[in-house]
Amino acid sequence: MFTPANAVQIRVSIDGIQPQVWRRLILPIHWNLEHLHLGIQAAFNWWNYHLYEFLIGGLRYGDVEVLTEDAADDDPRVFDQTEVRLQDFEQGSVFSYHYDFGDGWRHTVAVEDFLTLASSPKQGSCIAGERARPPEDVGGVSGYDRFLTLITDQEDPEYAETMRWCGGYFDPEWFDLSLVDRDLRNALRSNVRRRLYQPKPKAAPKR
């Protein structure tokens, strides 16, 4: 007997960074692209205060009113993100999610599998991932490369100010599955608060 899928497994990675920064997510199949945007924001702990869009099959999807507010007549049309659901994609589909048009963070979204879970999920969950996402407003891929150089060179005159700016600590290899999963489960809550800085490691107990 055929049982329809109720969840979708996707992999999201940030373009232009090696080694890759990525997350593997299990999401409700009825989520639309607006929900997916919020899920990606939560999974990477982006702060969700910049413009964004999805690029699918050469077409733009997003918040039509926001993205067309200052658009020129020859700008590509924007299609309503709420009219596309995850169930509309095929296994193996790949498309792009663009966040912060200034820094230009592009993410590759790959639809890996459709799942039939024992009960239909009400929230998203993160099941795997690697590495920390770059700080917000760091200046895109080139700015992030510069940032990583600065925080490893205490002799650089910009070192102290850069460390203050990022909260005093940053580890590009950081990834906490339980914390990211909790963030994703709260992705659609209107009052959710983002962490401003990466969590600092707990000091080892003194003997």
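R164 is exposed, at 55% relative accessibility; the classes here are buried under 20% relative accessible area, exposed over 50%, and partly exposed in between, with a 1.4 Å probe and protein chains only. This is a predicted model, where local features need pLDDT of at least 70, side-chain atom pairs count only at pLDDT 80 or more, and totals for chains, interfaces and linings use all residues. Residues are numbered from 1 along each chain as its sequence is written, and side-chain values use heavy atoms, with hydrogens and water left out.

R164 pairs with E161 in a salt bridge, the closest N and O atoms being 2.7 Å apart. By salt bridge I mean a side-chain nitrogen of Lys or Arg within 4 Å of a carboxyl oxygen of Asp or Glu. The two residues are about one helical turn apart, because they sit three residues apart in helix 4; helices are DSSP runs of H or I, at least four residues, numbered from the N terminus. E161 is partly exposed, at 45%.

Within it, E130 and R131 have their closest N and O atoms 3.7 Å apart. R131 is buried, with a relative accessible area of 16%, while E130 is partly exposed at 35%.

Next, R146 and E158: their side chains form a salt bridge at 3.3 Å, N to O. This pair links distant parts of the chain, 12 residues apart, with R146 in helix 3 (residues 140-150) and E158 in the loop between helix 3 and helix 4 (159-165). R146 is partly exposed at 39%, and E158 is also partly exposed, at 42%.

In total, the structure holds nine salt bridges.
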